[in-house]
Amino acid sequence: MSGDVLPDVLTAGLRVVFCGTQAGAVSARRGAYYAGPGNKFWKTLFETGLVPEPLGPTDSLMLPRYGIGFTDVAKRTSGPDTALMRHHVDITGFLAKIREYAPAVIAFNGKRAAQAVLEEERGLKLAYGLQPSSLVGSRVFILPSTSGAASGYWSIEPWRELAALVKETSLRR
């Protein structure tokens, strides 16, 4: 969509769509998802087996070949999560995209992105891992953020659980 800081990377039939809050400053400048120097996203994708080879931010557009897509809950702003305002978030647009592309799993990269959609919608107290209910037909998973700014909350274990779920889901599709 015109005016988006980073374009969505979405196609039909994806195994998992990673959803962040908004593009970080470095990602916005570079035009690539999870491009900040302290971000663990790309390393984690490979370490958990979600992709078979080491990749980096410049490879964002090739991720659909691995069944992976990207979006954010706030597409027209960038910066740290602390700068995200409620009016930046487009829940209706986000839900429409998920409904249209119907990924097997929506994986929120950090609780802040999940809160923007799920707590608003359902009043849930959020925990990492697979959530008890789906969202417009997709399973929902909440992950510790890979952002360097959130390193105090980091654990790779929920990412390993997601990789196992994605593998299991792929076998059933």
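Biologist: Among contacts in the chain between residues at least 6 apart in sequence, what percentage join residues at least 24 apart?

Modeller: Keep in mind that this is a predicted model. A contact here means heavy atoms within 4.5 Å. Taking the pairs at least 6 apart in sequence, the share that joins residues at least 24 apart is 67%.

Biologist: In what order do the elements of the chain run from the N terminus on?

Modeller: The chain holds 5 helices and 5 strands. Read from the N terminus, the order is β-α-α-β-α-β-α-β-β-α.

Biologist: Why is the chain called as compact as a globular protein of that length?

Modeller: For 173 residues the globule rule gives 16 Å. The chain is as compact as a globular protein of that length because its radius of gyration is close to that value, at 14 Å.

Biologist: What percentage of the residues count as buried?

Modeller: A residue is buried when its relative accessible area is under 20%. Of the 173 residues in the chain, the share that counts as buried is 50%.

Biologist: Which elements give two or more residues to the lining of the largest pocket?

Modeller: The largest pocket has a volume of about 770 Å³. Its lining has 35 residues, with N39, D81, S145, S147 and A149 nearest the centre. The elements that give two or more residues to that lining are α1 (25-30) and α4 (111-122).

Biologist: How many residues of that lining are charged?

Modeller: By class, the lining of the largest pocket has 15 nonpolar and 16 polar residues. The charged residues there number 4.

Technical notes:
Residues are numbered from 1 along each chain as its sequence is written. This is a predicted model: local features need pLDDT of at least 70, side-chain atom pairs count only at pLDDT 80 or more; totals for chains, interfaces and linings use all residues. Side-chain values use heavy atoms; hydrogens and water are left out. On a 1 Å grid over the protein atoms alone, a cavity is a set of points where a 1.4 Å probe fits but cannot get out, and a pocket is an open set with protein on both sides within 12 Å along at least five of seven lines; lining residues have an atom within 4 Å of a point. Grid points are joined across faces, edges and corners, and a volume is the space filled by probe spheres set on the points. Helices (H or I, at least four residues) and strands (E, at least two) are DSSP runs, numbered from the N terminus. Ala, Val, Leu, Ile, Met, Phe, Trp, Tyr, Cys and Pro count as nonpolar, Asp, Glu, Lys and Arg as charged, and the others, Gly among them, as polar. The radius of gyration is taken over C-alpha atoms; the globule rule is 2.2 Å times the number of residues to the power 0.38. Buried means under 20% relative accessible area, exposed over 50%, partly exposed in between (1.4 Å probe, protein chains only).
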